[in-house]
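Have the structure open as you read.

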Amino acid sequence: MTESSAAQGTITLFTPYEMGKFKLSHRIVLAPMTRCRALNGIPQAANVEYYKQRATSGGFLISEGTIISPTAAGFPHVPGIYTDGQTEAWKKVVDAVHAKGSLFFCQLWHVGRASHQVYQPGGTGSPISSTSKPISGRWRILMPDGSYGKYPNPHALTTTEIPEVVAHYRQAALNAIRAGFDGIEIHGAHGYLIDQFLKDGINDRTDHYGGSTSNRCKFLMQVVQAVVSAIGPDKVGVRISPAIDHLEATDSDPFSLGLVVIEKLNQLQREMGKLTYLHVTQPRYTAYGQTESGQHGSAEEEARMMKAWRKAYDGTFICSGGYTRELGMEAMAHGDADLVSYGRLFISNPDLVTRFRLNAPLTRYVRATFYTQDPVVGYTDYPFLDPKPAPPSSRL
């Protein structure tokens, strides 16, 4: 928390916050969420409307996962930021968000092994990863025709191939800034490519990218260093999920993994300057929305990990994963985070900030329309609060 906000007394979701050079009027963040509405990887008019609806003066939005290269997709019709056409299309979205007074970061995404041949260039080839082990049949991948398929065997990146992938992150960051984004978030969470290097339940490498926790962090840190060198540290956020087992991304010691990542980020900040934030997913998050314990036990254990990571990180700390208005207010009052990001509640409540401010009822989301391609249904058609009727005229 900032000194000025602390002096005001109890911190709430509506206490202003200074996140580096950015001044926020409240602490409710739009979390990055895959929505599958960018036809052929290019943001459309529907994307402009969707983000504009959720923008507020002094608010902070993080875009859906935006792929950094032709090999990076694992869902149909997700946006990219690696071609000139994609970059130009994003400018319209960014301009609409800025016109509402919001800050906007682009989340840079590579799904790694959580892909399929159909999403690879030419519809052939193996997805890339830290490993050659596939995601098991317990998990299924959404195909372009709406069916679900089996994850294939990935190609384990060689040490000579890794620098090219790092370069893709760097170029995507530059493209995002060219599109007008205020900064970028590196997606290092939820079982996708960077997490596939971080977690020892996936990473079975015997080179200097595998084995020790420090080695498993090297790919992430190379990406962060490359992006920071390209656009500056004050435009870079990082998202991690040490205790999330989404897509079989398990680790034998998630608590220590989180601390090592944070230690390395802190060291990088001492050398290269302060990052914008660290974004950590609460262990209770699951892919299907239950607020259950994560892979490592009780809610008390989860809270202990989150508090320790928050205390260890030198900078703005964003928490996410199953938060309600009440839980967000508690997190602020207890100093458990600086900001809270909301996903599913923001899908069905484009005016979530207003509803939280008024403690108004929320519209329920419809999970069946999360990943459809309809530009309206389940995307931009959720209602806003009914405006208050105008007072009766005093004129005769």
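Helix α7 is followed by Gly 232, whose phi is positive, near 95°. Helices (H or I, at least four residues) and strands (E, at least two) are DSSP runs here, numbered from the N terminus. Before going further, please note that this is a predicted model, in which local features need pLDDT of at least 70 and side-chain atom pairs count only at pLDDT 80 or more, while totals for chains, interfaces and linings use all residues. Residues are numbered from 1 along each chain as its sequence is written, and side-chain values use heavy atoms, with hydrogens and water left out.

Back to α7 itself. With 14 residues, α7 spans 20 Å from its first C-alpha to its last, close to the expected 20 Å, where the expected span is 1.5 Å times one less than the number of residues. Its buried residues (buried means under 20% relative accessible area, with a 1.4 Å probe and protein chains only) include Phe 219, Val 223 and Val 227. Among the elements that cover the buried residues of α7 are α4 (162-178), β10 (183-188) and α8 (254-272).

Now for the interior. A nonpolar core is a set of buried Ala, Val, Leu, Ile, Met, Phe, Trp, Tyr and Cys residues joined through side-chain atoms within 4.5 Å. The largest one has 101 residues, of which Tyr 169, Ile 184 and Phe 219 touch the most other members. Helix α7 gives the most to this core, with nine residues. A second, separate core of 12 residues includes Phe 60, Phe 105, Tyr 277 and Ile 318.

What does Tyr 169 touch, leaving aside its neighbours within four places in sequence? Its contacts (heavy atoms within 4.5 Å) include Ile 68, Leu 108, Phe 219, Val 223 and Val 227.

Aromatic rings come next. Rings of Phe, Tyr and Trp (its six-membered ring) pair if their centres lie within 6.5 Å; planes under 30 degrees apart count as stacked, over 60 as edge-to-face and the rest as tilted. By this rule there are 20 aromatic pairs. The rings of Tyr 50 and Tyr 51 are edge-to-face, because their centres are 5.1 Å apart and their planes at 85°. Tyr 169 and Phe 219 also form an edge-to-face pair, at 6.4 Å centre to centre and 75° between the planes. This pair links helix α4 to helix α7, with its two residues 50 residues apart.

Finally, the cysteines: there are zero disulfides (cysteine sulfur atoms within 2.5 Å). For Cys 106, the closest cysteine sulfur, in Cys 36, is 16 Å away, so a bond is out of reach.

Methods:
Buried means under 20% relative accessible area, exposed over 50%, partly exposed in between (1.4 Å probe, protein chains only).
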